[in-house]
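Subject: Structure handover

Hello,

Please find the structure below. My notes on its charged residues follow.

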Amino acid sequence: MKLVAKMVTAAFLVSLSVQAFAFSRPSDVVDAETADSAEKTEGVTARVGVLSGPSGIPMAYRMENDAENTAVSYEVFAGANLLLPKLINGEIDIGFLPPNVAAKVYNANNGAILMAAVAGNGMMSLVTKDKNVHSIADIAGKKVSVAGQGATPDYMMRYLLSANNVEAELDFSIPNAQIAPALIAGKIEYAVVPEPFATVAAMKDKDIVRAVDIQSAFALASGTDGVFPMTVIVVRKEFAEANPEAVRSFLAMYKEAADWTLSNPSAAGELAESHGLGLTSAITAVAIPNAAYTFKGAKEAKADVEKILSVFLNLVIPPKGNRRGLRVAGGQRI
């Protein structure tokens, strides 16, 4: 019951933020429609928090090329939990977060951050050695390891199980980085992971396959194009209002970095490794084509953000008659 209560509270915050967080008036000043014409703001340094791991890979290009650029500085964080305090306290101006986390932060801190753009879309796979699995229906009755309870893979799997009237056990006991080794060693049989973990598993064991593309499964279940954001660029409201040109400049710089990364995966892999973003160059180079990097400004991303936050909300308070589909490890039903 405590878990249900916590999820209901979180969903309430998310529901409040669908309009206010993503599309509040100040976000207009940081929209991508004007990013390409941005000019550097003299005397202002945008302090950017970069997450170690897949979401930070495009930033390796910026870190490499902005060493003498006084208009921007970079700090790498091992996780969003370490980035958030500095962002909230005003020590970081621009950062990268999952959309549901960003929405909760917005509500919990009186709108202190704004969404500037979507930087990464869904890039998850159900990986397994079981050649009989081709759809969500095929994991009925199975135990599936999921990367991160309360994160997008968790919510997306809850949605897909419910939409397909499938009951399966979701296990969150294995840390993200250990899921691929566990699958390779035969300790688990099924896993839902984002990039680069799917790439790691497939590279190290030829018997492991991406059995289900989660984005395609979402498209089929929802009747949409299957696109949903997993990483958004956020900006402190005070910084955005005081320095709109600095934010526009950074967005233009990020777009350039994302485009370059997608076009140069091998070189991007080398830069990601050299700048300590937590991934080897070989794995990064192979993962980039599957990593769904993008650049979509706040206005353009409106429908996608609403779509994924609505999924989170509906999972917590499902319509009557549609409450099956999930057991967490240990047999507890939610």
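A residue counts as exposed when its relative accessible area is over 50%, as buried when that area is under 20%, and as partly exposed in between. Keep in mind that this is a predicted model.

Start with aspartate 225. Its relative accessible area is 57%, so aspartate 225 is exposed. Aspartate 225 makes a salt bridge with lysine 307, and their closest N and O atoms are 3.1 Å apart. Aspartate 225 sits in the loop between α8 (214-222) and β10 (229-236), while lysine 307 belongs to helix α13 (residues 302-316), so this pair ties together parts that are 82 residues apart in sequence. Is lysine 307 buried or exposed? Lysine 307 has 17% relative accessibility, so it counts as buried.

The salt-bridge count comes to 15.

Glutamate 75 and lysine 86:
- The closest N and O atoms of this salt bridge are 2.9 Å apart.
- Glutamate 75 is in strand β2 (residues 72-77) and lysine 86 is in helix α3, so the bridge ties together parts that are 11 residues apart in sequence.
- Glutamate 75 is partly exposed, at 31% relative accessible area.
- Lysine 86 is also partly exposed, with a relative accessibility of 27%.

Glutamate 245 and arginine 248:
- Here the closest N and O atoms of the salt bridge are 2.7 Å apart.
- Both residues lie in helix α10 (residues 244-263), three residues apart, which is about one turn of the helix.
- Glutamate 245 is partly exposed, at 32% relative accessibility.
- Arginine 248 is buried, at a relative accessible area of 15%.

There is also a network. Salt bridges with shared partners join Arg47, Asp93, Arg236 and Glu238.

Where is aspartate 93 placed? Aspartate 93 is found in the loop between α3 (80-88) and β3 (94-97). Its relative accessible area is 1%, so aspartate 93 is buried. The side chains of aspartate 93 and arginine 236 are joined by a polar contact of 2.7 Å. Leaving aside residues up to four places away in sequence, aspartate 93 touches Thr45, Ala46, Arg47, Leu87, Val234, Val235, Arg236 and Phe239.

Best regards

Methods: Residues numbered from 1 in each chain as written. Predicted model: local features only at pLDDT ≥ 70, side-chain atom pairs only at ≥ 80, totals over all residues. Heavy atoms only, no water. Helix = DSSP H or I, 4+ residues; strand = E, 2+ residues; numbered from the N terminus. Buried < 20%, exposed > 50% of the residue type's maximum accessible area, 1.4 Å probe, protein only. Polar contact = N/O pair within 3.5 Å; in protein donor to acceptor, adjacent residues only side chain to side chain. Contact = heavy atoms within 4.5 Å. Salt bridge = Lys/Arg side-chain N within 4 Å of Asp/Glu carboxyl O.
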